[in-house]
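Reader: I'd like to learn how to read a structure like this one. Could we go through it feature by feature?

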Amino acid sequence: MWKFGLAALALAGAAPAAAQVAPYPASFTTQEIATNGTTIHVRVGGSGPAVVLLHGYGETGDMWEPLATRLVGTHRVIIPDLRGLGLSAKPASGYEKKIQAEDVAGVLAALGVTGKIDVVAHDIGNMVGYAFVAAHPERVGHFVLMDAPIPGIGPWEEILKNPLLWHFRFGGPDMERLVAGRERIYLDRFWNEFSADPKRFDEASREHYAALYALPGAMHGGFGQFAAFDQDAIDDKALLARGKPALPVLAIGGEKSFGPTMAVVARAAFTNVTQAVIPASGHWLMEEQPEATSDAIVAFLK
């Protein structure tokens, strides 16, 4: 993997061992929630204190099934697909993370969720989650960040220099045409290069996500997530200028990916950070080491 100062970094795909995309328990329902100028596909299950799970690029909310199954007995678990991805609507614009944070707020309002919630995030979800938490710190009890940077925060500029992150700047009028019909080829690059062992991101999972990213507008939505980074950095610096929230934060890095650097990023934005490094995992923590990752999150939320 790629070393970056204090640890190895990674920002997109990798690998699981058994069939990783499992159906959610029958107690979960799905809804299409119109909010903030788009429509968000949401899975909801359980009762109790609310926890929102935010996925990243190369996956959808389906990635969270192992953790959701653990949490549904004690929490109301809310799992949206980010705008432009999965089964959510694919708008032409609005991929700035502060806008997507208000997608989350709108979902919570539509579901009648009040009071404090917990937020668990991975990859692009980290960025949406930070924008939500920093804008609404009074609403969040615990925040879990997993294996990805936050634009404009901490070592962001150094992270951007890593050549493995060329996809952050992959743009222009032909980018969607270049990958049309080749979504699987494009995504395999992330799943393979950003995992400790590519075999852990199994074939069934790859087929599942490649089909979702081949839906009309999905690659546009994915590229939109990256194209917004410059504005996200500006927005995040403005949020950070308000001060560092003091809520408890768990910063999880894969041993072969971000490792302890995830905590470096988190401490640049929050005052109360606990570090966790998951052994024998790359970037795809919920595929590569779902049990160990879920154990860390469940213990922290308690």
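Reader: Let's start with glutamine 289: does it count as buried or exposed?

Author: First, the cut-offs: buried means under 20% relative accessible area, exposed means over 50%, and partly exposed is in between (1.4 Å probe, protein chains only). Glutamine 289 has 18% relative accessibility, so it counts as buried.

Reader: Before we go on, what kind of model is this?

Author: This is a predicted model, where local features need pLDDT of at least 70, side-chain atom pairs count only at pLDDT 80 or more, and totals for chains, interfaces and linings use all residues. Residues are numbered from 1 along each chain as its sequence is written, and side-chain values use heavy atoms, with hydrogens and water left out.

Reader: What average pLDDT does the protein have?

Author: pLDDT is the predictor's confidence in each residue, from 0 to 100. Here the protein averages 91, and 91% of the residues score at least 70. Over residues 1-19, though, the pLDDT is below 50, and that stretch has 99 contacts in the model beyond near neighbours in sequence. Contact means heavy atoms within 4.5 Å.

Reader: Back to glutamine 289, then. Where is it, and which residues does it touch?

Author: Glutamine 289 sits in the loop between H11 and H12. Not counting residues up to four places away in sequence, glutamine 289 touches Arg200, Ile278, Pro279, Ala280, Ser281 and Trp284. As for glycine 217, 72 residues apart from glutamine 289 along the chain, the two C-alpha atoms are separated by 31 Å.

Reader: Ala280 is on that list. What is the phi of alanine 280?

Author: The general idea is that most residues other than glycine have a negative phi. Alanine 280 has a positive one, near 55°. Its place is in the loop between strand E10 (272-278) and helix H11 (285-288), and at 32% relative accessibility it counts as partly exposed.

Reader: Where is aspartate 147 found, and is it buried or exposed?

Author: Look in the loop between strand E8 (140-146) and H4. Aspartate 147 is buried, with a relative accessible area of 0%. Its phi is positive too, about 55°, although aspartate 147 is not a glycine.

Reader: Now helices. At what angle do H8 and H9 pack?

Author: Axes are lines fitted to C-alpha atoms, for helices over the stretch in contact, and angles run from 0 to 180 degrees between N-to-C directions. Helix H8 (residues 218-227) and helix H9 (residues 229-240) pack at about 45°, with their axes 6 Å apart. Angles under 35 degrees count as roughly parallel, over 145 as roughly antiparallel, 65 to 115 as roughly perpendicular and the rest as oblique. H8 and H9 are therefore oblique to each other. On the H8 side, the contact is made by Gln225, Phe226 and Ala227, and on the H9 side by Phe229, Asp230 and Asp232.

Reader: Which residues of H9 are buried?

Author: In H9, the buried residues are Phe229, Asp232, Ala233, Asp235, Asp236 and Leu239. They pack against helix H2 (97-110), helix H3 (124-135), helix H4 (156-160) and H8. Isoleucine 234 also lies in H9, but at 54% relative accessibility it counts as exposed.

Reader: And what covers the buried residues of H6?

Author: The cover includes helix H5 (175-179), helix H7 (203-213) and H8. Among the buried residues of helix H6 (residues 183-193) are Tyr186, Leu187, Phe190 and Trp191.

Reader: Which residues does alanine 68 touch?

Author: Alanine 68 is found in helix H1 (residues 65-71) and is buried, with a relative accessible area of 0%. Not counting residues up to four places away in sequence, alanine 68 touches Tyr24, Phe28, Leu53, Val77 and Ile79.

Conventions:
Helix = DSSP H or I, 4+ residues; strand = E, 2+ residues; numbered from the N terminus.
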